[in-house]
Amino acid sequence: KRWLAAYLRAESPRATELADADRVFVMYALARSGLPDKSYAGTFLERHQKLPSISKVELAHTLLLAQDKIGAATVVNDLLNRLRVTADEAHLTENLGDAYQSLMTSDVRATAELVLLLSASDKQHPMLPRLARWLSNARETHGHWGSTQQNAWGLMALSAYLEASESTLPTFTALAQIDGDRVLSAALEGRTANAQTFVAMSRLPQAGTRIELSRKGQGRMHYTLRLSYAKQQLPATPLEQGFFVSREYERVEPAALARGERKGAPSQRAALGDYVRVTLRVAVPATRRFVVIEDALPAGLEPMSFGLSTESHAAASALGLQMGPLDHTEIRDGKVVFAATQLEPGIYRYTYLARAMTVGSFVAPPSRAEEMYHPETFGRTAAAQFEVVTR
C-alpha cells in the first residue's frame, strides 16, 4: 500500500490519457484495500469525460468508497448512458485499439468491474441482472473467458453479484395464479430446484389477464413467462430486436446461366425450372453467440441440396454462392437453416440456391435470426409473396 501510494503521488512526466487510466487503477486498488483518497479522486472527477469506460467504473467505485456519493452517481450515470443494452443483457463496450493493451482492458473486465460496483452500491439496480447475465454468457468454450485476467475479474464479479442478490439460500413455496385461479404451487429449496407448468391459450381470458406470482419463505424466486401463439396474418413489416435481417430473391434462367450470365434479376417471380438465388443479409451491432438463421421458402420453390445432384454443384459454382461465418447448415424441404457459434459486429451475407418447381402464387414467411439461448434477441424480415409461372 505504501509503495502504491508513493507511486500515485509521484510526479508524472507527462499527463496522457493512458497515464491517467494507470493512476485511476492504482487509486482504485488503494480504495478497495481500505485507503480511498477523496481529494485525489476529485481531480479525476473534474475530467472524467476523457477517461475510458473501465477507468470511469474504477473512479466511481473509488468515490463511493471515499463517501462521495454525489460524485460517484455522476460518473455512474455517464456509464449507464454508454451501456449496450439488448432484450435481456447489457454490457460496457469500447473500441480502444491497442492503446490500453498494457492495462489489459476488455469489455469483459469493464463489465465485471461495473457489476462489482453496483453489487456494492445498489443491489436492486435494474441493470445489474442484465450485466451479470451478459458476463456469464460471455464465457467461451469450456466455460471460461478469453484470458486469465478476464477469468479473475469475471469470477470476482459474479461471486459479488451472487452474494448481493442471494445472500440466503432460497427455501420457499411458489404460487402462480391467473385471474385468481391457481395454476402452479410448488415447494422449492436450494438453487437447483425448479417447477414448471403449461396453460393452454383457451384457458386465458379474452380481455385482459392478470398473472400473479408469489412466494412464501426466504430467498429470491426467478421465473420465466412465455407466450407461444400462431398469428392469423403474417407480419407485413420487418422487426429489429438485436438483429437486422433482409432477404432478396434473384431469378436466374438456366439458358442464361448456360451462356455464362451469372448475374440474375431481383424478382418475386420466376418461371418453372428457373434457378432462384436467395440472399440473406444479417447485421449485428454487437457480438452475438449461438446464432441461428432460418429462411422458410415459398411452397413453389425447393432448396437445392448440393450433395444430391451434379447439376446443383455446377449451378452453385457458376453462381458463386458465398457464406458468412458458419458452423452448421441444414437444407430441409421447406426451409434452410444456418448456424454460427459467434458473430462479431458487422454485416454478413448468406446465400443458397433454390429452384422453381410448382406453378402458383405462394407466401414466403419471414426470414429470422436469433440467439438460440436468448430468443428475445432476434430480427426478422416481413412476409412476402412469390409467384411461379409457366414459360
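User: How much space lies in the second largest pocket?
Analyst: The structure is a predicted model. In this model, the space in the second largest pocket comes to about 650 Å³.

User: Which residues lie closest to the centre of the second largest pocket?
Analyst: The lining of this pocket is made up of 30 residues. Those closest to the pocket centre are Thr93, Glu94, Ser106, Asp107 and Val108.

User: Which helix supplies the largest share of the lining of the second largest pocket?
Analyst: Two helices, α4 (53–65) and α6 (107–121), each give at least two residues to the lining. The largest share is three residues, and its source is α6.

User: How many charged residues does the lining of the second largest pocket have?
Analyst: Sorted by class, the lining has eleven nonpolar and twelve polar residues. The charged residues in the lining number seven.

User: What is the relative accessible area of Phe290?
Analyst: Phe290 also has a positive phi, about 50 degrees, although it is not a glycine. Its place is in strand β11, which covers residues 288–296. Phe290 is partly exposed, because its relative accessible area is 41%.

Conventions. Residues numbered from 1 in each chain as written. Predicted model: local features only at pLDDT ≥ 70, side-chain atom pairs only at ≥ 80, totals over all residues. Heavy atoms only, no water. 1 Å grid on protein atoms, 1.4 Å probe; cavity = no way out; pocket = protein on both sides within 12 Å on 5 of 7 lines; lining within 4 Å. Points joined across faces, edges and corners; volume = space filled by probe spheres on them. Helix = DSSP H or I, 4+ residues; strand = E, 2+ residues; numbered from the N terminus. Nonpolar A, V, L, I, M, F, W, Y, C, P; charged D, E, K, R; others polar. Buried < 20%, exposed > 50% of the residue type's maximum accessible area, 1.4 Å probe, protein only.
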